[in-house]
Amino acid sequence: MPRQSAFEVPERGGNRYVRHTGLAAPYMYDNVSTDVPSPPAEATGLDRLGMRGESDLAFANVRYNADGTEKQDFVFNQEPYRRASIMIVGLNYGTGSSRSGAITRPLAAWGVKAYIGQSFGPIFVTNALAYGVVTVQLPRATVDRIAAWVRANPGVEMTVDLERLVVEMPGQQPIPFEYNSRFRNKLLNGLDDMEEMEPHFAASAAKRAEDERLRPWVYVRRTR
């Protein structure tokens, strides 16, 4: 019963994010390893059912039973969360290994473009940045309040706006958040690493030339 992905996963790097509006799904667990959203394919046992794609394997071990049927207690298997593209998570989400599938598989399965949580694993944040996905860090009490609003308002969309640095929910005051200014610039402008560095090349070359003039002995290459 392989499922065809409804969402295209972009190439890594240079992806843009300004704002995203969509339904949210509360997944309020702490210390969720990247192995949960992106389990090793061989560990799921689903390959024998022909389920091998990015979309199939997102959260596979908590999403499916051994026969490939859905587990009803998994949030994305419940209405209205089947169409959710924002995840509300807890403390230290995305800890553990560096596997980028923790970003790309939920992106392929449900188009998850934003995470709101108390904190995130640092490599998870880096991978999110590369694929144009935003990670919003807020105090736990605020995250809990957002999750409660999501549960109380099924089918109502919310917005994560990186340009204005706010989370917006209908009927609520906008919730401001802080974001790494360099990461924000990369996402708003869709810059890859080289494009981010390019404006600094001339200044860097001038700085090196000046240093070489003042300390020529540092740049002497010794030969044997």
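Good morning. Pro26, Tyr27, Met28, Tyr29, Val62, Lys71, Asp73, Phe74, Val75 and Gln78 line the second largest pocket of this structure. A pocket here is an open set of points on a 1 Å grid over the protein atoms alone, with protein on both sides within 12 Å along at least five of seven lines, and a lining residue has an atom within 4 Å of a point. The model is a predicted one, in which local features need pLDDT of at least 70 and side-chain atom pairs count only at pLDDT 80 or more, while totals for chains, interfaces and linings use all residues. Residues are numbered from 1 along each chain as its sequence is written, and side-chain values use heavy atoms, with hydrogens and water left out.

The second largest pocket holds about 170 Å³ of space, a volume being the space filled by probe spheres set on grid points that are joined across faces, edges and corners. Its lining comprises 7 nonpolar, 1 polar and 2 charged residues. In this scheme Ala, Val, Leu, Ile, Met, Phe, Trp, Tyr, Cys and Pro are nonpolar, Asp, Glu, Lys and Arg are charged, and the others, Gly among them, are polar.

I turn to the largest pocket, with about 200 Å³ of space. Of its 14 lining residues, Thr126, Leu129, Ala130, Lys186 and Asp193 are the closest to its centre. Which helix gives the most to this lining? That is α7, with 4 residues. Both α5 (122-130) and α7 (181-189) supply at least two residues; helices are DSSP runs of H or I with at least four residues, strands are runs of E with at least two, and both are numbered from the N terminus. By class, this lining has 5 nonpolar, 4 polar and 5 charged residues.

A cavity is a set of grid points where a 1.4 Å probe fits but cannot get out, and the model has 1 cavity of 30 Å³ or more. The largest cavity contains about 60 Å³. Among the residues lining it are Leu23, Ala24, Trp149 and Val150. Strand β1 (19-27) and helix α6 (140-152) each supply at least two lining residues. The lining of the largest cavity has 9 nonpolar, 2 polar and no charged residues.

Finally, the surface. Phe201, in helix α9 (residues 201-214), counts as partly exposed because its relative accessibility is 42%, the class between buried, under 20%, and exposed, over 50%, with a 1.4 Å probe and protein chains only. Thank you.
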